[in-house]
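Welcome, and thanks for keeping your viewer open. Follow the stops below in order, selecting as you go.

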Amino acid sequence: MITREEFIALYQERITRRGADKLLDWMTKTDFFTAPASTRYHLACAGGLMEHSAHVYYRLRKVVSSEYGDESPYSEETLAVCGLLHDLCKVNFYKEDIRNVKENGVWVQKPYYTVDEQLPYGHGEKSVFIIERFMRLSLEEAIAIRFHMGGFDAKPGDNNVSAAFEKVPLALLLHIADLEASYLDETRS
């Protein structure tokens, strides 16, 4: 498990481009460090979004290293930007609520997370939009973040995911890292 301080140190060490400090400042004023990664799938717990983002970054480094060895076409900063920031769309996205659940024949109130979308702009698109309010992304970074959900976010008949994966291998690699983090590193609720 990564702490808030460790995440911030990793971010500041790896992401140094103009505007990165302003983006991090914004993140600290949101629920990024306390939000879940999902409502019920992976890391549906306080701090899950931050932890998931770190997992994806570390998985992305491994996937890229496995594919390219020491000849990676991607900088450490690009890998950090894509891994650590791919799910900024989930900032201020979840809220905690209470529901009645029957346990051993008795109704009890249990907390759970629900979606409270404030900016309906898509998933990857919203992450790109948020990041670009503070710092510039390369075209490859923007496409990778936009398409990190792969087919999970595609509309029927939409060939953009395949085109993105073919033209920008980083998009496919980020998608793989996201899947590996979600299914191999993180507990399901």
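**Stop 1: where H5 meets H6**

Select Gly124, Glu125, Ser127, Val128 and Ile131 in H5, then Ala142, Ile145 and Arg146 in H6: these residues meet one another, contact meaning heavy atoms within 4.5 Å. Sorted by class, this contact of H5 with H6 holds 4 nonpolar, 2 polar and 2 charged residues. Here Ala, Val, Leu, Ile, Met, Phe, Trp, Tyr, Cys and Pro count as nonpolar, Asp, Glu, Lys and Arg as charged, and the others, Gly among them, as polar. The axes of H5 and H6 come within 7 Å and cross at roughly 140°. Axes are lines fitted to C-alpha atoms, for helices over the stretch in contact, and angles run from 0 to 180 degrees between N-to-C directions. H5 and H6 are therefore oblique to each other; angles under 35 degrees count as roughly parallel, over 145 as roughly antiparallel, 65 to 115 as roughly perpendicular and the rest as oblique.

Before moving on, a word about what is on screen. This is a predicted model, in which local features need pLDDT of at least 70 and side-chain atom pairs count only at pLDDT 80 or more, while totals for chains, interfaces and linings use all residues. Residues are numbered from 1 along each chain as its sequence is written, and side-chain values use heavy atoms, with hydrogens and water left out. Helices (H or I, at least four residues) and strands (E, at least two) are DSSP runs, numbered from the N terminus.

**Stop 2: Ile131**

Stay in H5 and centre on Ile131. Is Ile131 buried or exposed? With a relative accessibility of 0%, Ile131 counts as buried; buried means under 20% relative accessible area, exposed over 50%, and partly exposed in between (1.4 Å probe, protein chains only). Show its contacts, leaving aside neighbours within four places in sequence, and you will find Leu23, Leu85, Leu88, Leu137 and Ile145.

**Stop 3: H2**

Next, select Ala20, Leu23, Leu24, Trp26 and Met27, the buried residues of H2. Looking down the axis of H2, you will see these buried residues fall within an arc of 160°, so they line one face of the helix. The arc is that of the directions from the helix axis to the C-beta atoms. On the face turned away from the buried side of H2, pick out the exposed residues Asp21 and Lys22. Among the elements covering the buried residues of H2 are H1, H4 and H5.

**Stop 4: H4**

Select residues 76-85 for helix H4, where 9 of the 10 residues are buried, so this helix is largely enclosed by the rest of the structure. Which residues of H4 are buried? Colour Glu77, Thr78, Leu79, Ala80, Val81, Cys82, Gly83, Leu84 and Leu85 to see them. They pack against H1 (4-14), H2 (20-28), H3 (48-68), H5 (124-132), H6 (139-146) and H8 (169-185).

**Stop 5: H8 and two partners**

Show H6 with H8: they pack at an angle of about 40°, with axes 8 Å apart. On the H6 side, the contact is made by Glu140, Glu141, Ile143, Ala144 and Ile145, and on the H8 side by Leu170, Ala171 and Leu174. By class, 6 residues here are nonpolar, none polar and 2 charged.

H3 and H8 pack at about 125°, with their axes 8 Å apart, and that makes H3 oblique to H8. Residues to show include His52, His55, Val56 and Arg59 of H3, with Pro169, Leu170, Leu173 and Leu174 of H8. The contact of H3 with H8 divides into 13 nonpolar, 3 polar and 4 charged residues.

**Stop 6: strands and loops**

Jump to Val115 in strand E2 (residues 106-115). Val115 is partly exposed, at 43% relative accessible area. Not counting residues up to four places away in sequence, Val115 touches Thr39, Phe93 and Tyr94.

Finish with two loop residues. Asn92 lies between H4 and strand E1 (94-103); its phi is near 55°, a positive value in a residue other than glycine. Asn104 sits in the loop between E1 and E2 and is exposed, with a relative accessible area of 82%.
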